[in-house]
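Subject: Structure handover and findings

Dear colleague,

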Amino acid sequence: MQRDDAFYMDRALDLGRRGMGNTWPNPAVGCVLVRDTTIVGEGWTQPGGRPHAETQALAQAGSAAAGATAYVTLEPCAHQGQTPPCSDALIAAGVTRVVAPFSDSDPRVSGKGFFKLRAAGIEVTTGVGKEAAALDHAGFFQRVETGRPLITLKLATSLDGRIATATGDSQWITGAQTRAYVHTLRACHDAVMVGAGTARSDDPLLTVRGVHVPQQPVRIVVSRGLDIPQTSKLVDTLSDAPLWLCHADDAPHELQSQWRDLGAKLIPVSTKGQRLDIAKLALALGTEGMTRVFCEGGGDLAASLLAADIVDRLELHSGGIVIGAEGRPALGALGLSRLADAPRFALTSVCQIGEDVVQSWSRQRRPGVE
């Protein structure tokens, strides 16, 4: 690794993060072009997944790209899609070196981009910034490798694990600063998802507010029978942000037609017992191109995701309030009889925001569960 590689890769990673939440189904990639220690071009994947980061950086650099080193947060693509391969563009521009964290797991690329570059006489260096890049691209890799998006579950609870009083009063358990932070989390996900109970009781907007985003995340409501109000903030703001409804195959056809007429996208999911098959729901979202989904409850949906062992990251936001046993729990029943079967998470960070404690956890896979 040359002396400045880590510095420029950090810059490329910062740029790539600007695309999080709005490049799906493509990864959010950043690119920096450096010639004689001077940055001559920068770019990141644009909303909708194109133009790609390399194309943006090359356009900015122009003729200065000749002889430059390209720092890219993922292997440049090698296949012809809706745009020409980025590896070809780097070759044509006269770039002499490419630095990247690792190869792309997408089988259409997966080493082919690096092969093209090396065949053209371009030096390729890998392994730079790979830990940070792996976190940034985790959702894209999750969808490519397993078919489903990365799922983050957020729980905002009292100190005793409650999300509302017995009457349903829940505003607010956490403070204004923590709630503002939630909007930054929404902004870096492709979609925000809630259950039908939350949609009925809270009448949420589920949009990003207070943070500039080039496009709003998709709002997803999981409702087996589509029995959610058609007069709501979600419906009133359909022109501002998409609304997807995940429902059972046998949901009333009249309701399906009504929701389509309103402008919602319907995603049918098979059932498992009396509930939607949550694992198949996740795969359906992956098929639609989702790479990162932010789930904000309620308790039954959260429990279903945890029971299926498909919560990859857990955001636990605790307010300094105690509600008591009569309050509504953060999670529905998991049906556990053995502690060994309980979902487990590893703490990745903890901080104080205002008067609240915010913990981030990552999934620990159970033996035998994919």
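A crossing of two helices is called left-handed if the near helix is turned anticlockwise from the far one by less than a right angle, and right-handed if clockwise. The model is a predicted one: local features need pLDDT of at least 70 and side-chain atom pairs count only at pLDDT 80 or more, while totals for chains, interfaces and linings use all residues. Residues are numbered from 1 along each chain as its sequence is written, and side-chain values use heavy atoms, with hydrogens and water left out.

Helix packing

Two packed helices are described by the angle between their axes and the distance between the axes. Axes are lines fitted to C-alpha atoms, for helices over the stretch in contact, and angles run from 0 to 180 degrees between N-to-C directions. Helices (H or I, at least four residues) and strands (E, at least two) are DSSP runs, numbered from the N terminus.

Helix α3 (residues 86–93) and helix α4 (residues 112–119) cross at roughly 20 degrees, and their axes come within 9 Å. Therefore α3 is roughly parallel to α4 (angles under 35 degrees count as such). The crossing in which α3 passes α4 is right-handed. Ser87, Asp88, Leu90 and Ile91 of α3 make the contact with Gly113, Lys116 and Leu117 of α4 (contact means heavy atoms within 4.5 Å).

Helix α2 (residues 53–61) packs with α3 at an angle of about 20 degrees, the axes being 9 Å apart. This makes α2 roughly parallel to α3. Here α2 passes α3 in a left-handed crossing. From α2, Glu54, Thr55 and Leu58 meet Cys86, Ala89, Leu90 and Ala93 of α3.

Two buried residues

Glu315 is located in strand β15 (residues 313–318). Its relative accessibility is 8%, so Glu315 counts as buried (under 20% relative accessible area, with a 1.4 Å probe and protein chains only). The side chains of Glu315 and His317 are joined by a polar contact of 2.9 Å (a pair of N or O atoms within 3.5 Å; within protein, one must be able to donate a hydrogen and the other to accept it, and residues adjacent in sequence count only if both atoms are side-chain atoms).

Thr178 belongs to helix α7 (residues 176–187). Thr178 counts as buried because its relative accessibility is 1%. A polar atom of the Thr178 side chain lies 3.5 Å from the backbone oxygen of Ile353. Not counting residues up to four places away in sequence, Thr178 touches His317, Ile353, Asp356 and Val358.

Terms used. Buried < 20%, exposed > 50% of the residue type's maximum accessible area, 1.4 Å probe, protein only. Parallel < 35°, antiparallel > 145°, perpendicular 65-115°, else oblique.
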